[in-house]
Amino acid sequence: DFLQESPNMATIEFTAFPRNTEGRGASRRMRRVGKAPGIVYGGTAAPQPIELDHNALIHALRTEVFHSSILTMKVDGASTQVLLRDVQMHPFRNEVLHVDFQRIDPSRKIHMKVPLHFVNEAQSPAVKSEGAIISHVMTEIDIACLPKDLPEFIEVDLSELDTAHSLHVSGVKLPAGVSIVSRRTGDPVVATAVVPKAVAETEETAVEGEPAAAGAAPAAEVKPAAAETKGDDK
């Protein structure tokens, strides 16, 4: 199989093949026979052109772990640890035009975007008590860590979220050895709770109606009875 867990369960393995031809024409011919061109670079070795099975690569790209994990690339029996760094897709066809991998050094920190997995939304005060909808403002986050500490994802606990406060990057609990790489100023929002307009209006209406409901019902207007007309006694 193209994509499989490595024996030590620490990385994901995939197979690539050396590529001896380069240029647009060669890449088009490669894609016509079901291959995808790529390159692996970084470290002390020279950049190496590679090719991969296109359909297997497309399948692997649909998995989150292929984008956010250390991968073991096997070429001609040799294994190299790499990260997926770039994928160029055709503008309107489900076709990989080129894919880039970077070799990693176990002793040097890497910068990586990892996905956020949100948990315990339904248990949050915002949802349970106020009928709010949770908006995931960020779905991934930039981190720095040694390759051995790279998480597949970061779990974000929303159990304490209410409508008065948003969850910011500083409130995300990070695994050991992982730090945030922020390219924004301040403390970006990760998730926030918003009460739908219909719910808010219903609550406002209920509050406005409380005094009348709590007080005594107004007395019904009593109309004076019409005077009886007595006929003259004859």
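Trainee: Which residue in β13 is the bridge partner of Ile143?

Mentor: Strands here are DSSP E runs of at least two residues, helices are H or I runs of at least four, and both are numbered from the N terminus. Two strands pair if DSSP finds at least two bridges between them. In this predicted model, Ile180 of β13 is the bridge partner of Ile143. Strand β10 (residues 140-145) pairs with β13 in the antiparallel sense, over 2 bridges.

Trainee: What is the strand order in the sheet?

Mentor: The order is β11-β8-β10-β13, in an open sheet of 4 strands with mixed pairing. β11 (154-157) and β13 (179-180) are at the edges with a single partner strand each, so one side of each lacks a neighbour in the sheet.

Trainee: On what basis are these features reported?

Mentor: Residues are numbered from 1 along each chain as its sequence is written. The model is predicted, so local features need pLDDT of at least 70 and side-chain atom pairs count only at pLDDT 80 or more, while totals for chains, interfaces and linings use all residues; side-chain values use heavy atoms, with hydrogens and water left out.

Trainee: How should I read a nonpolar core?

Mentor: In soluble globular proteins, nonpolar side chains tend to be buried together. A nonpolar core is a set of buried Ala, Val, Leu, Ile, Met, Phe, Trp, Tyr and Cys residues joined through side-chain atoms within 4.5 Å. Buried means under 20% relative accessible area, exposed over 50%, and partly exposed in between (1.4 Å probe, protein chains only). The largest core here has 27 residues, of which Leu116, Ile141, Ile143, Leu150 and Leu158 touch the most other members. The elements giving two or more residues to this core are β8 (110-119), β10, β11 and β14. The largest share, 5 residues, comes from β8.

Trainee: Which residues is Leu116 in contact with, apart from its neighbours within four places in sequence?

Mentor: Contact means heavy atoms within 4.5 Å. By that criterion Leu116 contacts Met138, Thr139, Glu140, Ile141, Ile154, Val156 and Val190. A second, separate core of 20 residues includes Ile12, Val40, Leu57 and Ile58.

Trainee: Where does Pro196 lie?

Mentor: Pro196 is in the loop between β14 (189-194) and α5 (197-214). Its relative accessibility is 23%, and therefore Pro196 counts as partly exposed. Pro196 touches Gly131, Ala132 and Ile133, not counting residues up to four places away in sequence. The C-alpha atoms of Pro196 and Gly131 are separated by 7.8 Å, although the two residues are 65 residues apart along the chain.
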